[in-house]
Amino acid sequence: MSLFVTALMVQSCSDDDDTGTATGLTVSYNGTDVTSIEFTLGSSFRMLSINTDADWTVSLPDADSDWITVTPHAGYGWEYADTASTNLRSYVKLSVEANSGAARSTTLTVKAGGLSLAIPVTQRGNEADANDPFETAFAMVGNLTFGYNLGNTLDANPDYYNSSWLDFSQGPSVWETSWGQPLTTQEIIDDIAAAGFNIIRVPVTWYPHVDDDWNIDADWMARVKEVVDYVLNAGCYCILNVQHDTGSKDEGRADNAAWLYADLDSYPTQTEHYQKLWQQIATEFRDYGEKLLFESFNEILNKSYSWTAPSAGDGAYTAINRLQQDFVNTVRATGGNNEYRNLAITTYSATGNNTVPLDELTVPEDVHSNHLYGTIHSYDPYNFCNNNSGKNADGSEYDYNILIFDSDCEATIDGVVTNCYNRFNELGIPFIFGEFGAIDEEKAMAERVKYATYMATKMKAYGTSGLWWMGLYDRSSRTWYEQEIVNALFAAQ
């Protein structure tokens with residue numbers, strides 16, 4: 001939400017329809033007083049604080065009830081609570097429906113004990129180019145059920161110099177199956193779509209398949225295209241990205257793994273290679289329709305490959321923002337449908353559990369509005385979603401696993417979703433969780449189902465969606481072995 005500093009009159013009401021006399025009246029959002037409110041064009045809401053010491057009411061014109069609502073309509077000032085701190089602020093939920101037309105506006109009226117506020121509320125319009133053939137990123141997100149990541153497949157990047165058991169001369173199939181998954185088929189993708197998932201992410205690692213001039217191997221590109229076609233043939237959205245070209249790199253690897261990192265000194269050379277990759281990928285797919293989405297990169301780290309986000313102002317954030325502007329520019333320059341294609345950008349390490357990477361993210365300039373969205377990865381709480389046990393260097397064992405999905409876990413998720421929701425609203429773009437999941441299969445199924453139910457419920461409440469990371473379905477036998485989680489996701493919709 002954009003907050004604007006405009007002149008706003010707090011006036012006395014001649015008709016005292018509130019109990020008591022208010023000594024003050026303000027409305028705030030996330031601790032900041034608001035004098036006007038702006039929504040993006042997607043379905044959205046704001047929790048507003050009514051700050052007063054008298055009974056209060058809020059209202060909207062009846063004529064606007066088809067697109068905006070507020071609840072509750074009335075409440076008490078702080079003196080009616082047991083203590084000042086427990087009810088110093090009362091909250092209302094201001095909600096808008098998705099807007100596919102022109103910008104619209106109304107006025108939120110707040111009254112308390114002889115005082116009144118008139119707060120202008122606007123919602124952006126579609127603002128689409130008359131020739132724009134694609135749905136907006138907001139519409140795309142609104143169309144999603146849940147998604148599935150086709151992981152450990154085209155993203156597999158075994159160490160070329162330390163994988164003697166693999167015969168890389170046999171072509172793309174060796175890479176695709178090197179991490180234990182079978183070759184992808186149309187039938188596998190159809191099974192995933194039939195379960196209700198309508199967006200499939202196809203992570204792709206590119207660096208093992210380029211020559212010294214960064215030309216992509218034709219056989220590899222053809223296989224990527226074949227798998228993308230499987231997804232689109234099934235009627236699903238498809239996300240195509242740059243995967244393990246980013247991320248961490250094991251000590252001792254001599255190949256080009258994780259060559260793309262966020263560093264200003266390295267940026268000139270890296271962006272040359274990065275742009276050449278996207279120029280080839282985008283050209284190959286420029287005639288594809290709106291259900292094909294491009295994602296800038298996976299989990300980009302700094303030169304030290306640190307999973308801990310740098311402090312505010314670090315040059316890594318500048319490098320990320322520059323690379324993602326280059327990504328948008330390169331894709332748009334290839335023409336065709338890429339001029340309007342919905343594109344995803346992300347934060348440092350794709351994290352949403354730290355506000356600094358979110359705050360440091362900027363939205364690239366674009367030739368057309370409403371065709372960018374954010375993507376975040378959430379395995380939160382980490383010690384519940386993942387297996388965090390093992391042995392220390394001295395041989396002693398450690399185990400930090402959370403075994404029960406409880407209210408503390410819920411609070412962690414609440415913080416992540418709220419952080420992402422607030423920041424992407426400020427940036428004016430929608431967002432999804434490009435990866436999420438309780439992926440430690442040693443945890444009790446009942447607890448993982450609780451997680452899935454809670455995540456799905458939160459996503460629905462905040463108007464977003466997410467893509468589970470692998471699992472759930474055995475691609476070799478084509479059977480769903482974690483149907484309980486699938487059921488939980490869709491039951492919460």
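Asp213 sits in the loop that joins strand 13 to helix 5. The model is predicted. Asp213 counts as exposed because its relative accessibility is 52%, and the cut-off for exposed is over 50%.

Asp213 also belongs to a negative surface patch.

Helix 4 covers residues 186–194. Its buried residues are Gln186, Ile188, Ile189, Asp191, Ile192 and Ala193. An α-helix has 3.6 residues a turn, so residues three or four places apart point the same way.

What do the buried residues of helix 4 pack against? Two of the partners are strand 12 (147–149) and strand 13 (199–202). Helix 5 (218–233) is another. Strand 22 (473–474) and strand 23 (479–480) complete the set. After helix 4 comes Gly196, with a positive phi near 115 degrees.

## Ile188 in detail

Ile188 lies in helix 4. Is Ile188 buried or exposed? Ile188 is buried, because its relative accessibility is 3% and buried means under 20%.

Beyond its neighbours within four places in sequence, Ile188 contacts Pro182, Leu183, Tyr473, Arg475 and Arg478. Ile188 and Asp474 are 286 residues apart in sequence. Their C-alpha atoms are 9.4 Å apart in space.

Side chains of opposite charge can pair when their charged atoms come close. Asp191 and Arg478 form a salt bridge, with 2.7 Å from N to O. The pair links distant parts of the chain, 287 residues apart. Asp191 is in helix 4, while Arg478 is in the loop between strand 22 and strand 23.

The two partners fall into separate burial classes. Asp191 is buried, with a relative accessible area of 17%. Arg478 counts as partly exposed, at 41% relative accessibility. Arg478 is also among the contacts of Ile188.

## Other salt bridges

The count of salt bridges comes to 14. One of them pairs Glu284 with Lys225, with the closest N and O atoms 3.4 Å apart.

Elsewhere, salt bridges that share partners join Glu176, Arg223 and Glu226 into one network.

Where is Asp366 found? Asp366 is in the loop between helix 8 (355–360) and strand 17 (372–378). Its relative accessibility is 25%, so Asp366 counts as partly exposed.

Asp366 is in contact with Val328, Arg332, His371 and Leu372, leaving aside neighbours within four places in sequence. Glu339 is 27 residues from Asp366 along the chain. The C-alpha atoms of Asp366 and Glu339 are separated by 9.4 Å.

Conventions
Residues are numbered from 1 along each chain as its sequence is written. This is a predicted model: local features need pLDDT of at least 70, side-chain atom pairs count only at pLDDT 80 or more; totals for chains, interfaces and linings use all residues. Side-chain values use heavy atoms; hydrogens and water are left out. Buried means under 20% relative accessible area, exposed over 50%, partly exposed in between (1.4 Å probe, protein chains only). Helices (H or I, at least four residues) and strands (E, at least two) are DSSP runs, numbered from the N terminus. Contact means heavy atoms within 4.5 Å. Patches are made of residues with over 30% relative accessible area and no salt bridge: like charges are joined within 9 Å, nonpolar side chains (Val, Leu, Ile, Met, Phe, Trp, Tyr) within 5 Å. Accessible areas come from the Shrake-Rupley method with a 1.4 Å probe; for residues, only the protein chains shown count as cover. A salt bridge is a side-chain nitrogen of Lys or Arg within 4 Å of a carboxyl oxygen of Asp or Glu. Lys and Arg count as positive and Asp and Glu as negative; His and the chain ends are not counted. The place of a charge is taken as NZ of Lys, CZ of Arg, CG of Asp or CD of Glu.
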